[in-house]
2 protein chains.
Amino acid sequence: MTKSAGEVKAPQKAPGNQPKTARGEATRKAILSAAERVIGAKGYNDASIGHITSEAGVAQGTFYIYFTTKEQVFSELVLEMGRLVRHTIAEATQGIEDRLEAEKAGLTAFLEFVCAHPDLYRIVQEALFVDPQAYQEYYQTFAAGYRAGLEAAQEAGQISKGDAETRAWALMGIGRTLGEQLVVFKSDKPISEIVASGYDLIANGIKP
Amino acid sequence: MTKSAGEVKAPQKAPGNQPKTARGEATRKAILSAAERVIGAKGYNDASIGHITSEAGVAQGTFYIYFTTKEQVFSELVLEMGRLVRHTIAEATQGIEDRLEAEKAGLTAFLEFVCAHPDLYRIVQEALFVDPQAYQEYYQTFAAGYRAGLEAAQEAGQISKGDAETRAWALMGIGRTLGEQLVVFKSDKPISEIVASGYDLIANGIKP
């Protein structure tokens, strides 16, 4: 969970129409948020554009102002969730100078995000089948930011030297699995306890 | 990656007919192996029983001696892959007394397994949608064995004290993501290098 993750921009996929006004942007986000709930609940195949506009409370024609197809809103949803995760972690770790402290704050923010977006796992996992490129972008953008953050922390002597790329994937794996334990496997362990154990492993694992 | 993972039996799902002879068992395994390749390549929806029997080189009627439906062969495939992973790790760590050494050998065996079974990720991830119970069993059986192994190692003073359940999920997460980096994200980093970095993090993370 890195404060740098939010700084790396994902390559842009062919977008639908980008809204030009704040109201347009709000409508677009409402449609994406509805897509998150509908596709999370029904799965990609059984979800329809009609379900999504109905959940969003907008006319079906409004959908086509912002998106072209169900495939396209799904791809955009996966990338948007990736941006949201990275933004959330970047905000939570902003101003924290010490990398290990930032790992703790980032892991906490990630697990809280996952609990607020319990369909994240289903949606991203389904992307492996529906839009493998979005799946790859989701993880690779995150990994690139994480790696850059670990490299900077190594330079600053805040963590031990090591292969930043493999470490980035390993640390992402810890966050991913602990989040899945919460929302897919329905653990009732408090986030603070999970973070304490996960952070203990991470901090000892990479401290100088 | 635990030497105890292989010892925990998954609860049995309603099975197809269990073969009574070695030849029958070989045919059943050939069908499961074909299902692994066909479903891995085509995905569950596009794979048919005809594709699977054709890939296995058996008559379609033979399928029904061992399995009842495509759903059932898929569920059995997910559980069989879980058994295979656990068995592979148990064999690789057999006789290794020190837990940290067993972690290293187990991680190596897991990554080698993943490279030999590159469709493992697609199949298990698709189970979240096709058969959520098989998905849960796959990870929970693994986690239960891992946890038991970590608890025993704590008792023996081979690792530091900690929450064995959260640690089990975190360590599973490391193996899972490093394996995915290899076969889904097509990293060309040698397994030995990935293991060296991953093990360094794990060993420092949980050593006494």
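Core first, keeping in mind that I am working from a predicted model. I looked up the largest nonpolar core and got 127 residues. The residues with the most contacts inside this core are A:Ile39, B:Ile31 and B:Ile39.

I picked B:Ile31 to see what it touches. Leaving out residues up to four places away in sequence, my list for B:Ile31 reads B:Ile52, B:Ala56, B:Val58, B:Thr62, B:Phe63, B:Tyr66, B:Phe67 and B:Val73.

From that list I followed B:Phe63, which sits in helix α3 (residues 60-66) of chain B. Buried or exposed? B:Phe63 has a relative accessible area of 0%, and the cut-off for buried is under 20%, so B:Phe63 counts as buried.

Next, helix α5 of chain B, residues 99-116. I checked its length against 1.5 Å a residue: 18 residues should span 26 Å, and the end C-alpha atoms are 25 Å apart, which agrees. At the start of α5(B), I found a side-chain oxygen of B:Asp98 within 3.3 Å of the backbone nitrogen of B:Leu100.

Then I asked which residues of α5(B) are buried. Among them are B:Leu100, B:Leu107, B:Phe110, B:Leu111, B:Phe113 and B:Val114, and B:Arg99 and B:Glu103 are on the list too. What covers them? The cover includes α4 (70-93), α6 (120-130), α7 (132-155), α8 (164-183) and α9 (191-206) of chain B.

The largest pocket holds about 400 Å³ of space. I counted 17 lining residues, and A:Asn45, A:Glu126, B:Asn45, B:Glu126 and B:Phe129 come closest to the pocket's centre. Two elements give two or more residues to this lining: α6 (120-130) of chain A and α6 of chain B. The most comes from α6(A), with four residues.

How many cavities of 30 Å³ or more are there? I get three. About 160 Å³ of space lies in the largest cavity. It has 15 lining residues, with A:Phe110, A:Tyr138, A:Tyr139, A:Met172 and A:Arg176 closest to the centre. In chain A, α6, α7 (132-155) and α8 (164-183) each give two or more residues to that lining.

Terms used. Residues are numbered from 1 along each chain as its sequence is written. Chains are lettered from A and ligands numbered from 1 in the order in which they are written. This is a predicted model: local features need pLDDT of at least 70, side-chain atom pairs count only at pLDDT 80 or more; totals for chains, interfaces and linings use all residues. Side-chain values use heavy atoms; hydrogens and water are left out. A nonpolar core is a set of buried Ala, Val, Leu, Ile, Met, Phe, Trp, Tyr and Cys residues joined through side-chain atoms within 4.5 Å. Buried means under 20% relative accessible area, exposed over 50%, partly exposed in between (1.4 Å probe, protein chains only). Contact means heavy atoms within 4.5 Å. The expected span of a helix is 1.5 Å times one less than its number of residues. A polar contact is a pair of N or O atoms within 3.5 Å; within protein, one must be able to donate a hydrogen and the other to accept it, and residues adjacent in sequence count only if both atoms are side-chain atoms. On a 1 Å grid over the protein atoms alone, a cavity is a set of points where a 1.4 Å probe fits but cannot get out, and a pocket is an open set with protein on both sides within 12 Å along at least five of seven lines; lining residues have an atom within 4 Å of a point. Grid points are joined across faces, edges and corners, and a volume is the space filled by probe spheres set on the points.
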